[in-house]
Amino acid sequence: MATNIELAHATASASLAPKLTVVEAVVKFVRTKPLGAGGAAIILGMLFVAVVARALAPYDPYVGDYSLQFARPSADHWFGTDEFGRDVMSRIMYGARIALFVGFAASFSGCTVGGLLGVISAYWGGRVDLFLERMMDILLAFPQLILALAIASILGPSVQNVVIAISIPVVPRVARVVRSAALSVKENVYVEAVQALGASRRRVIFQHIIPNVMAPYIIMLTAQLGAAILAEAALSYLGLGAAEPTPSWGLMLSGSALSYAEKAPWIALFPGIAISLGVFGFNLFGDSLRDALDPKLKGKG
């Protein structure tokens, strides 16, 4: 009997594994997920270009020189000029601002609203859950881009309206994922314990449920960033996003992709590469972050 007590005491007093610092976690992520680190490097590069675009851009992206229309890529204009004589590289640098603003704003707002609705739906249950789930079903009945097109058409073309149009279709997708995680967390013993101690619903949700569903929330957030950038480019291409002369990647494709594809292919080529590279970087980083945060996928890949 004494031996069993000693063994139990030894097991209970065993030291826990040390918690990784932020730097150690980043180093581990880079070492175990090199593709994700590459995606993060692309994102950081885009952020750097967007922040210091005013210093890096060799020309004013809004000012054109009609004597330099359709100038080929050269030492003076690395990516050439467009139909208005504006420097394409400068416009791409400034366009990173709009792409990242729309991507982060739409993803964060849509995922946050969807996450809160998912937690509320799971915790309250009953009629609240039934009502919210039917609302999510209605939104999910429309394809994501089609719903964004409809909302953007109603609100009108502007960057702020594009953020709203892209964020609304994200809400039901995130709400479903977070709700399933919250339903599992809700059944844990510690949640039942704090409820038995008289904790308010707000405290249970914000202190015990939301912190434990952050992993799927972050995964969905990173996954939607690339999709939001692509959706912004699509809406701008269709004339429902940023308006001229705003340097938007999708708008640059809209004005020149078809009209000048043979005469000046660089006008559409470089914005297309910028869009593809940005979406590629966010997708790489999002997939690797999902593998790192999902307990079922840890140790794989």
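Mentor: Start with Arg179 and Asp129. They form a salt bridge in this predicted model. Their closest N and O atoms are 2.9 Å apart. The two residues come from distant parts of the chain, 50 residues apart. Arg179 sits in helix α8, which covers residues 159-186. Asp129 sits in helix α6, residues 126-140. Both partners, Arg179 and Asp129, are buried.

Now take Glu133 and Arg176. Their side chains also meet in a salt bridge, at 2.7 Å from N to O. Again the pair links distant parts of the chain: Glu133 belongs to helix α6 and Arg176 to helix α8.

Is Glu133 buried or exposed? Its relative accessible area is 7%, so Glu133 is buried, the cut-off being under 20%. Arg176 has 29% relative accessibility, so Arg176 counts as partly exposed. Compare that with the pair of Arg179 and Asp129, where each residue is buried.

The next salt bridge stays inside one helix. Arg134 and Asp137 join through their side chains, at 2.7 Å from N to O. They are 3 residues apart in helix α6, so about one helical turn separates them. Arg134 is partly exposed because its relative accessibility is 41%, which lies between the 20% and 50% cut-offs. Asp137 is partly exposed too, with a relative accessible area of 31%.

Asp129, Glu133, Arg134, Asp137, Arg176 and Arg179 are linked in a network of salt bridges. In the whole model, the count comes to 6 salt bridges.

With a relative accessible area of 5%, Met136 is buried. Look across to Pro172. The C-alpha atoms of Met136 and Pro172 are separated by 4.9 Å. Along the chain, Met136 and Pro172 are 36 residues apart.

Helix α8 also packs against α5. Two packed helices are described by the angle between their axes and the distance between the axes. For α5 and α8, the angle is about 35 degrees. Their axes are 5 Å apart. The crossing of α5 and α8 is right-handed. What kinds of residue make up this contact? The contact of α5 with α8 divides into 21 nonpolar, 7 polar and 2 charged residues.

Follow α5 from there to a pocket. The second largest pocket takes lining residues from α5 (88-124). The other elements that give two or more residues to this lining are α3 (34-51) and α13 (266-293). Which element gives the most? That is α13, with 5 residues.

The volume of the second largest pocket is about 330 Å³. Its lining has 15 residues. Nearest the pocket centre lie Met46, Val49, Ile92, Ala274 and Leu277. By type, the lining divides into 13 nonpolar and 2 polar residues, with no charged ones.

To recap, return to the links between α6 and α8. Asp129 in α6 pairs with Arg179 in α8.

Definitions and conventions
Residues are numbered from 1 along each chain as its sequence is written. This is a predicted model: local features need pLDDT of at least 70, side-chain atom pairs count only at pLDDT 80 or more; totals for chains, interfaces and linings use all residues. Side-chain values use heavy atoms; hydrogens and water are left out. A salt bridge is a side-chain nitrogen of Lys or Arg within 4 Å of a carboxyl oxygen of Asp or Glu. Helices (H or I, at least four residues) and strands (E, at least two) are DSSP runs, numbered from the N terminus. Buried means under 20% relative accessible area, exposed over 50%, partly exposed in between (1.4 Å probe, protein chains only). On a 1 Å grid over the protein atoms alone, a cavity is a set of points where a 1.4 Å probe fits but cannot get out, and a pocket is an open set with protein on both sides within 12 Å along at least five of seven lines; lining residues have an atom within 4 Å of a point. Grid points are joined across faces, edges and corners, and a volume is the space filled by probe spheres set on the points. Ala, Val, Leu, Ile, Met, Phe, Trp, Tyr, Cys and Pro count as nonpolar, Asp, Glu, Lys and Arg as charged, and the others, Gly among them, as polar. Axes are lines fitted to C-alpha atoms, for helices over the stretch in contact, and angles run from 0 to 180 degrees between N-to-C directions. A crossing is left-handed if the near helix is turned anticlockwise from the far one by less than a right angle, and right-handed if clockwise.
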